Amino acid sequence: MSIGLATARSVVDEALAVGRQHGFKPLTVVVLDAGGHVVAAAREDGASNNRFEIAHGKAYGALALGMGSRALMERAEQQAYFISAAAAALGGRLIPVPGGVIVRGDDGAVEGAVGISGDTSDNDETAAAKAIQAVGLTAQVA
């Protein structure tokens with residue numbers, strides 16, 4: 001089952017709230033369903049250019065390779081050629097830094113992914129994971 005619109009919107013709202021609570025820079029949040037389609041997205045006022053594309057690439061890459069974008073970063077450090085080839089295969093839609101988090105349901109099945117960009121990659125990942133958990137789903141960061 002894929003994440004639905006109502007839940008995706010709640011994830012966006014929660015992620016932006018986390019960012020404000022922690023004093024993060026303006027965030028852009030993208031929620032993809034299990035098939036990699038955009039279900040919800042939002043760009044906070046003041047977020048810099050192309051944050052949507054970066055957030056989308058974090059989520060899309062995580063979903064495509066079945067691991068959070070933090071794990072993709074670690075893999076890139078060990079196997080740069082693989083990540084480069086994967087990015088090419090995905091049409092450049094892979095950003096291998098933290099901030100792309102897989103969403104799992106109660107049964108452990110992948111329901112989608114969340115990508116966030118705007119602050120440090122670690123803070124982007126924090127906002128995504130906390131938002132996913134706040135709506136009762138499981139966040140897979142690695």
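Reply: Begin with Thr-28, which lies in strand S1. Helices (H or I, at least four residues) and strands (E, at least two) are DSSP runs, numbered from the N terminus. The model is predicted, with local features needing pLDDT of at least 70 and side-chain atom pairs counting only at pLDDT 80 or more, while totals for chains, interfaces and linings use all residues. Residues are numbered from 1 along each chain as its sequence is written, and side-chain values use heavy atoms, with hydrogens and water left out.

Is Thr-28 buried or exposed? Thr-28 has 1% relative accessibility, so it counts as buried. Buried means under 20% relative accessible area, exposed over 50%, and partly exposed in between (1.4 Å probe, protein chains only).

Which residues surround Thr-28? Leaving out residues up to four places away in sequence, Thr-28 touches Ala-42, Arg-43, Ala-47, Arg-51, Phe-52, Ala-55, Gly-115, Ile-116 and Ser-117. Contact here means heavy atoms within 4.5 Å.

Move on to Val-29. With residues up to four places away set aside, Val-29 touches Val-12, Ala-15, Leu-16, Ala-40, Ala-41, Ala-42, Val-114, Gly-115 and Ile-116.

Now the wider setting. In soluble globular proteins, nonpolar side chains tend to be buried together. A nonpolar core is a set of buried Ala, Val, Leu, Ile, Met, Phe, Trp, Tyr and Cys residues joined through side-chain atoms within 4.5 Å. The largest nonpolar core here has 24 residues, and Val-29 is among the members that touch the most others, along with Ile-3, Val-31, Val-114, Ile-116 and Ile-132. Six elements each supply at least two residues of this core: helix H1 (5-22), strand S1 (28-33), strand S2 (38-43), strand S3 (100-104), strand S4 (110-117) and helix H5 (121-134). H1 gives the most, with six residues. A second, separate core has 15 residues, including Leu-32, Tyr-60, Leu-94 and Ala-113.

How do two of those helices meet? H1 and H5 pack at an angle of about 130 degrees, with their axes 8 Å apart. Axes are lines fitted to C-alpha atoms, for helices over the stretch in contact, and angles run from 0 to 180 degrees between N-to-C directions. H1 and H5 are therefore oblique to each other. Angles under 35 degrees count as roughly parallel, over 145 as roughly antiparallel, 65 to 115 as roughly perpendicular and the rest as oblique. H1 brings Val-11, Glu-14, Ala-15, Val-18 and His-22 to the contact, and H5 brings Ala-127, Lys-130, Ala-131 and Ala-134. By class, that is six nonpolar, one polar and two charged residues. Ala, Val, Leu, Ile, Met, Phe, Trp, Tyr, Cys and Pro count as nonpolar, Asp, Glu, Lys and Arg as charged, and the others, Gly among them, as polar.

Go back to the strands. Glu-111 is in strand S4. At 13% relative accessibility, Glu-111 counts as buried. Neighbours within four places aside, Glu-111 is in contact with Met-1, Ser-2, Ile-3, Leu-32, Asp-33, Ala-34, Val-103, Arg-104, Gly-105 and Leu-137. Of these, Ser-2 is found in the segment before H1. Ser-2 has 31% relative accessibility, so it counts as partly exposed. Ser-2 touches Asp-33, Ala-34, Gly-35 and Glu-111, not counting residues up to four places away.

Next, His-56 in helix H2 (residues 51-65). At 13% relative accessibility, His-56 counts as buried. Beyond four places in sequence, His-56 touches Val-30, Leu-32, Gly-36, Val-38 and Arg-93. Leu-32 is a member of the second core.

Finish at Asn-50, in the loop between S2 and H2. Most residues other than glycine have a negative phi. Asn-50 has a positive phi of about 65 degrees, although it is not a glycine. With 48% relative accessibility, Asn-50 counts as partly exposed.
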